[in-house]
Amino acid sequence: MSLSEPVRDQAPRLVIRSQVVDDVSAQLLDHLPAEGGLAWVRRGDGQVGWGVAARLDVAGGNRFQDAMRWWQEVTAAAVVRDDVGVPGSGLVCFGSFGFTDQDPSVLVVPEVIVGRRAGTTWVTTVSPASSLPAPPELVKHEPSPVYDVTFADGARTGTAWSSIVAEAVRRITAGELDKVVLARDLIAIAEQPIDLRWPLHRLATSYPNCWTFSVDGLIGATPELLVRREKGLITSRVLAGTIRRTGDDAHDLALAASLARSSKDLEEHEYAVRSVAEALEPHCKSMNVPETPFVLHLPNVMHLATDVAGVANNGASALGLAAALHPSAAICGTPTPVARDLIGEIEGMQRGRFSGPVGWMDASGDGEWCIALRCGQADPENPRRMRLFAGAGIVAGSNPNAELAETNAKLVPMRDALGD
């Protein structure tokens, strides 16, 4: 079977039961077992899951369409009893998609999901039609700390990556394209196998306004909502343009003001917003695209941000909308085909699922998909190693040393999360 062909079996017949419960920890991540945990949490709400009731591994140019077709088959064959009736209850899948057609993608339906939304907590069990298990007894687990982590260059040294940025600026100045987003990786090596729940807990605590996620060994806390679809309302948070925080509140306010006036960052942001608005327009009967961005303050950096909203005019699922948006200018560039080709030519590494869509979706097609940023990928062959990722948007006014510093700032969340 070629990589472009999905691993397809007949859609499983599943029985799903969601029930309200009371014995759920304040931190949903507390319930994750040592292996195979799935997570999507923000500000204490969200859902975590474990076990595998159904799974699709897929790659290739039709990976989104193949995934949506498989999900339709799964939902059509499922029997659902949902006593909760909130977004995230009932039948849900978690997913993570590769940046390119060649990178692997996955959808997973867990056997158990524990969720919380607006004060309501629930447990969902998913099983084959031949079995009807009782809701599990929820247990709190303590993750093992990660000690003695060292970091090594990934595909490129910092100096080599700065040279790549300089080449991208040369191409942009020559008129080949307007913007390109270049990524780099860093290797984390621990003395003992890395318990992914340890950095997950630390990310969720340190970055509560981000979406903390775990899907098939990819973990992170991303600030960028690619798209949410909920009962006909479509929303997307676009981030482009970044400045590092200093920790001095007065100085950071001055930096935020300079970011909001920066012609280089405003140009980068405009490309990203336009990319999202143009991709969503065919799916919306009305849209609101703010004229000016706001500054989003995170513990380590500040971003120019714009929240785009629209009212759906068709039945496109959250994953279908994510497919229409990917890759956006915020993680690829403008024009997208030219930027994508340049990334393949000069970036010098495989991104895998970094900067691809990551999120969840329910049986009705509602759900949330973010861009997998501020993240790390566990090494399936060496549990002591992870690849950490960061990227930066490059335009004509970019300075290679400043862009390298920006990526270092974006690596801070995962580096700190792995620290002891």
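Mentor: Start with a term. A crossing is left-handed if the near helix is turned anticlockwise from the far one by less than a right angle, and right-handed if clockwise. Now apply it. This is a predicted model. In it, the crossing of helices α3 and α8 is right-handed. Helix α3 covers residues 197-206, and helix α8 covers residues 400-418. Their axes come within 8 Å and cross at roughly 125°. Angles from 65 to 115 degrees count as roughly perpendicular, and those over 145 as roughly antiparallel. The α3 and α8 pair is therefore oblique.

Next, look at who touches whom. From α3 come W198, P199, R202 and L203. From α8 come P413, M414, D416, A417 and L418. This contact of α3 with α8 holds 7 nonpolar residues, 2 charged ones and no polar ones.

Now turn to the strands. Strand β14 spans residues 225-230, and strand β21 spans residues 367-371. They run antiparallel, joined by 4 bridges. Within this pairing, V227 stands opposite W369 in β21.

Strand β14 has another partner to look at. It pairs with strand β15, residues 233-244, over 3 bridges. That pairing is antiparallel too. β14 and β15 form a hairpin, with 2 residues between them.

Definitions and conventions: Residues are numbered from 1 along each chain as its sequence is written. This is a predicted model: local features need pLDDT of at least 70, side-chain atom pairs count only at pLDDT 80 or more; totals for chains, interfaces and linings use all residues. Side-chain values use heavy atoms; hydrogens and water are left out. Two strands pair if DSSP finds at least two bridges between them. Axes are lines fitted to C-alpha atoms, for helices over the stretch in contact, and angles run from 0 to 180 degrees between N-to-C directions. Angles under 35 degrees count as roughly parallel, over 145 as roughly antiparallel, 65 to 115 as roughly perpendicular and the rest as oblique. Contact means heavy atoms within 4.5 Å. Ala, Val, Leu, Ile, Met, Phe, Trp, Tyr, Cys and Pro count as nonpolar, Asp, Glu, Lys and Arg as charged, and the others, Gly among them, as polar.
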